[in-house]
Amino acid sequence: MSEAFTILSETRVFGGWLKRVRHASAALDCAMTFAVYLPPRAEAGARVPTLYWLSGLTCTDENFIQKAGAFRVAAELGLAIVAPDTSPRGEGVPGDPDGAWDFGLGAGFYLDATEQPWARHYRMHDYVTRELPALVEAGFPVSARRSVAGHSMGGHGALVCALRHPGLYRSVSAFSPIVNPAAVPWGEKAFGRYLGPDRDRWLEWDACALIATAAERLPILIDQGDRDGFLEAQLKPERLVAAAEAAGHPLTLRMQPGYDHSYFFIATFIEDHLRHHAAALAG
């Protein structure tokens, strides 16, 4: 066991191991918990590629590991999965002053806050793209071949991570992502508090803006349910489709009839996404 982290639990799953891990995060200035699934191939001594999964509003690492049904296929493909929490937590970490669910605890929006009191702890982008991969790759039998995916707020996070860091990931995908947070209510609330009133600064964390100047053209796979209650007001995938077409960026949007925003939707199509990433990681 590494002195850099503590294993909270270990569970045998489809011949591999699901571990929940606790460590002190320098980026977030608090203790953090994440989950890592290691397929059977890792136990045999191979260093396996890794998919980083970013969850949505109100979630922790446990939502994905309990509900997505990803481990059978991940075991077959030899793919590790890392699922971090969605925000800093703990004593002294500020949440929403009104106790709302769409800001603060559970709602870090995968950016690096610049405004007080959020700037000290809310640096989820730095955590996900730098600190967490370094910890995982040093402490577990995984390679530096990485992909990133996410759901809703985490879909926004996955897109932004890939677009801002050419070469860091081999592939990217999302379920029901918030593609234009600078111009929808969830994002306006979060960005206004985390980043301040200057809307031009918000565009540094907005996939629709970033895709125009992206230095790398990773193909983007998006699944979106057409009965998602957040589709019209918060998600607006057509805006990213238009931005991608204007920039010549490859993007596949699959509108799935009858599906909503839940993990039932994710569980239905997660195999497609895992195979999408495994193909890129094998290249």
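## Basis of the model

Because the model is predicted, local features need pLDDT of at least 70 and side-chain atom pairs count only at pLDDT 80 or more, while totals for chains, interfaces and linings use all residues. Residues are numbered from 1 along each chain as its sequence is written, and side-chain values use heavy atoms, with hydrogens and water left out.

Helices (H or I, at least four residues) and strands (E, at least two) are DSSP runs, numbered from the N terminus. Buried means under 20% relative accessible area, exposed means over 50%, and partly exposed lies in between (1.4 Å probe, protein chains only).

Two strands pair if DSSP finds at least two bridges between them. Strand β2 (residues 16-25) pairs with β3 in the antiparallel sense, over 9 bridges. Within this pairing, histidine 23 is opposite methionine 32 of β3. Strand β5 (residues 80-84) also runs antiparallel to β3, and 4 bridges join the two. There, phenylalanine 34 has proline 84 of β5 as its bridge partner.

## Backbone angles and a cis bond

The hairpin of β2 and β3 has 4 residues between the strands. Aspartate 29 belongs to that loop, and its phi is near 55 degrees, a positive value in a residue other than glycine. With a relative accessible area of 37%, aspartate 29 is partly exposed.

Lysine 236 also has a positive phi, near 50 degrees. Its place is the loop between α9 (231-235) and α10 (237-247). Lysine 236 counts as buried, at 16% relative accessibility. Elsewhere, glutamine 116 and proline 117 are joined by a cis peptide bond with omega of about 5 degrees. Proline 117 lies in the loop between β5 and α4 (124-139).

## Cysteines

The search of the whole structure for disulfides, defined as pairs of cysteine sulfur atoms within 2.5 Å, finds 0. Cysteine 161 is in no disulfide, and its nearest cysteine sulfur, that of cysteine 208, is 16 Å away. Cysteine 208 is likewise in no disulfide, with the sulfur of cysteine 161 the nearest, at 16 Å. Cysteine 161 is buried at 0% relative accessibility. Cysteine 208 is buried with a relative accessible area of 15%.

Cavities and pockets are found on a 1 Å grid over the protein atoms alone. A cavity is a set of points where a 1.4 Å probe fits but cannot get out; a pocket is an open set with protein on both sides within 12 Å along at least five of seven lines; lining residues have an atom within 4 Å of a point. Grid points are joined across faces, edges and corners, and a volume is the space filled by probe spheres set on the points.

The whole structure holds 1 cavity of 30 Å³ or more, and the largest cavity has a volume of about 70 Å³. Helix α5 (residues 153-164) gives the most to its lining, with 3 residues. The lining has 9 nonpolar, 1 polar and 1 charged residues, where Ala, Val, Leu, Ile, Met, Phe, Trp, Tyr, Cys and Pro count as nonpolar, Asp, Glu, Lys and Arg as charged, and the others, Gly among them, as polar.

Valine 172 is one of the lining residues of the largest cavity. Valine 172 lies in strand β7 (residues 172-175) and is buried at 1% relative accessibility. Its contacts (heavy atoms within 4.5 Å), not counting residues up to four places away in sequence, include Val148, Leu159, Leu218 and His276. Leucine 221 is 49 residues from valine 172 in sequence and 6.9 Å from it in space, C-alpha to C-alpha.

## The largest pocket

The largest pocket has a volume of about 200 Å³. It is lined by 14 residues, of which Leu57, Thr58, Cys59, His151 and His261 are the closest to its centre. By class, the lining has 6 nonpolar, 7 polar and 1 charged residues.

## Two further buried residues

Histidine 156 is in helix α5 and counts as buried, at 0% relative accessibility. Leaving aside neighbours within four places in sequence, histidine 156 is in contact with residues including Phe109, Pro177 and Trp205.

Glycine 225 is in strand β8 (residues 220-225) and is buried at 0% relative accessibility. Beyond its neighbours within four places in sequence, glycine 225 has contacts including Leu231, Tyr259 and Phe265.
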